[in-house]
Amino acid sequence: MSEDSQNSQGTFARLYDAQEEMSRRTAIKPLGRPPKKIQRKPTTVHLTSTEKRGLNELKLVIDEQFTVNQSELIGLAIDTLNVLMQKKGRVAMQKGEVHDIDSLRRLLTEIVKS
């Protein structure tokens, strides 16, 4: 083998070792923001301008205490509505008291106030 051939093999081996070392470091200490505890799937939510403003205002108030994103707030809203609907809401639905979104809004407001 010529000297050039040996040097290029050595260079490739050194590059390979350096790449392996970099990938080991990356596996141990990933760069960037750590992943959230709860993985979310993307979806589209269509909000009115008033709802979007309310969501932004809520986020600003909560962000003064800890960091939260809009997806987490929407998830919290869904969980909260589900809890509210479990008892009184379900009974009202079965009785036929709720027949559209406005009557559902009134029912939920009554449940929260009581």
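I started with serine 103, which I found in helix H4; helices here are DSSP runs of H or I with at least four residues, numbered from the N terminus. Serine 103 is buried, at a relative accessible area of 5% (buried means under 20%, with a 1.4 Å probe and protein chains only). Setting aside neighbours within four places in sequence, I see serine 103 in contact with Glu97 and Val98 (contact means heavy atoms within 4.5 Å).

A note on the source: this is a predicted model, where local features need pLDDT of at least 70 and side-chain atom pairs 80 or more, while totals for chains, interfaces and linings use all residues. Residues are numbered from 1 along each chain, and side-chain values use heavy atoms, without hydrogens and water.

Next came the pockets. A pocket is an open set of points on a 1 Å grid where a 1.4 Å probe fits, with protein on both sides within 12 Å along at least five of seven lines; lining residues have an atom within 4 Å of a point. Volume is the space filled by probe spheres set on the points.

The largest pocket holds about 720 Å³. I noted 20 lining residues, with Leu47, Glu51, Ala77, Ile78 and Leu81 nearest its centre. Helices H2 (49-63), H3 (70-94) and H4 (101-113) each give two or more residues to this lining, and H3 gives the most, eight.

The second largest pocket holds about 270 Å³. Its lining includes Arg40, Lys41, Pro42, Ser71 and Ile78.

Methods: Buried < 20%, exposed > 50% of the residue type's maximum accessible area, 1.4 Å probe, protein only.
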